[in-house]
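Please load the model in a viewer and keep the sequence panel open.

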Amino acid sequence: MTRSLFFNSIALALLLLLGTIPVLLPKTFLGPSPFLSSVNYACIGLLLAGACFGVFVSRRLLQESDSLKHYVILYSLVALALLQAYLHYLFVDKQFYMNNPFLNELWQFHHLRKVIELSPEVIPHSYRFLPFGLISFISWLTDNFFFAKTFYRVFFYFCTLLTFFRLFRTWLDSNAALVATLIPVILFPVSIAFFAGQPTDPLSHFSFALTMLFLVQRRFPEFAMWCLAGLFAKESLLVMPLCWLICARDIPLRARAIQTGALLACAFIALFSVRLYVESGSFQYSAISGIGVDHILQNLKTSYWPLQILFQIGLLLPFWWISRRSLPPDVHGMLFVLLPAITVSNLMFSWMHEARNFVPCTFLLALACVLAFTGKSLEKTHSAS
């Protein structure tokens with residue numbers, strides 16, 4: 001087992017453990033915190049200290065020879081993650097999207113409790129319990145729901161930005177990679193419009209970022225692990241095995257087909273197991289996202305989805321064509337798979353105006369945007385670091 005595979009296995013096991021325990025013991029974790037307030041504050045301090053240490057250690061992933069540049073980049077990524085969390089608080093938590101007489105942040109609190117109980121009333125989020133479980137665990141430790149959800153957001157926003165920056169460094173210098181990472185943050189307000197604040201996306205987008213990085217580096221064990229774990233944040237990760245089949249063309253077709261088939265089989269077993277527990281294993285259309293067949297027509301009639309799609313990905317699409325000769329084949333392949341797959345998923349199981357589902361595509365198109373200006377990319381390397 002390589003060092004990378006070992007650390008990814010430990011991190012993933014810890015993530016699944018902390019996110020699953022509250023679901024298995026809902027009465028314990030939905031009740032009042034059993035700790036004294038001094039212990040709660042100590043837990044907050046330990047979490048913040050651990051996060052700062054994690055940011056410090058993550059500088060090794062940047063592959064920069066200049067030590068000062070390490071800290072400039074890390075500071076930039078942390079600042080962008082904090083900005084995203086503040087925008088989320090301002091434009092989502094303090095709004096009334098659910099048409100209820102209370103703020104979205106109060107709806108989020110009660111919604112989380114139903115998800116932790118795996119209530120069929122809140123499908124599909126009962127199937128996506130992992131992010132809710134992580135927030136519930138932190139809230140139980142700190143007796144502070146606001147801190148728990150904010151810590152969760154900032155942590156995974158930072159991890160997502162760092163992972164995409166690391167992915168972009170495969171082909172760009174550090175300055176260009178940072179610009180490419182900045183572009184989706186500029187479009188972040190579009191992605192959180194018409195949104196009540198359910199916490200699936202930070203972990204889902206981080207899982208997308210990791211699987212894209214491991215695909216480019218041809219590290220199938222890590223790719224497969226994060227594909228499967230990401231399904232418990234959002235089922236859209238199911239499309240990534242198809243990206244492996246199409247993009248990893250330096251691997252023999254037979255081997256790719258076996259890898260993809262085995263991974264898809266494991267994914268369907270995982271999805272079926274959760275649905276079996278929540279709602280007797282139903283895969284009927286109305287049970288997938290809690291909608292009916294008339295949803296598609298209603299979806300298309302919504303007036304504001306074209307502008308949402310335009311500003312989230314549409315304005316960046318011309319750069320894909322402009323940079324087509326310098327854009328890496330792996331990125332071409334992922335875009336050809338993800339764009340139609342997410343569009344169909346939004347149409348059938350979600351809402352077309354939920355532009356946040358296109359955020360992984362936005363990062364890839366941001367790379368195309370930068371390459372359209374630079375006109376070249378660095379030689380691709382399949383680094384194991």
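**Stop 1: A charge over a ring**

Begin by selecting Arg275 and Tyr127: in this predicted model, Arg275 lies over the face of Tyr127, at 4.0 Å from the ring centre. Glu235 itself belongs to the loop between helix 11 (220-230) and helix 12 (240-247). Is Glu235 buried or exposed? Its relative accessibility is 15%, so Glu235 counts as buried, the limit for that class being under 20%.

The charged end of Arg59 sits over the ring of Phe56, at 4.0 Å from the ring centre.

**Stop 2: Aromatic pairs**

Next, colour the rings of Phe, Tyr and Trp; the structure holds 24 aromatic pairs. Select Phe29 and Trp140, whose ring centres are 4.6 Å apart and whose planes stand at 50 degrees, so this pair is tilted. Phe29 is in helix 2 (residues 26-30) and Trp140 is in helix 6 (residues 129-142), so the pair ties together parts 111 residues apart in sequence. Both Phe29 and Trp140 are buried.

Then select Phe147, Phe151, Tyr152, Phe155, Phe156, Phe206 and Trp226, which ring pairs link into a cluster.

**Stop 3: The nonpolar cores**

In soluble globular proteins, nonpolar side chains tend to be buried together. Which residues touch the most other members of the largest nonpolar core? Select Met240, Met334 and Leu338, which hold that position among its 110 residues. Now highlight helix 7 (residues 145-168), which gives the most to this core, with 15 residues.

Centre the view on Leu338 and show its surroundings. Setting aside residues up to four places away in sequence, Leu338 touches Phe208, Met212, Val239, Met240, Cys243, Cys361 and Leu364. A second, separate core has 5 residues, among them Phe29, Cys43, Trp140 and Leu141; Phe29 and Trp140 are the tilted pair from the previous stop.

**Stop 4**

Finally, select Ser4, which lies in helix 1 (residues 3-24). Ser4 has a relative accessible area of 16% and is therefore buried.

Terms used. Residues numbered from 1 in each chain as written. Predicted model: local features only at pLDDT ≥ 70, side-chain atom pairs only at ≥ 80, totals over all residues. Heavy atoms only, no water. Core = buried A, V, L, I, M, F, W, Y, C linked by side-chain atoms within 4.5 Å. Buried < 20%, exposed > 50% of the residue type's maximum accessible area, 1.4 Å probe, protein only. Helix = DSSP H or I, 4+ residues; strand = E, 2+ residues; numbered from the N terminus. Contact = heavy atoms within 4.5 Å. Phe/Tyr/Trp six-rings, centres within 6.5 Å; stacked < 30°, edge-to-face > 60°. Lys NZ or Arg CZ within 6 Å of the ring centre and 35° of its normal.
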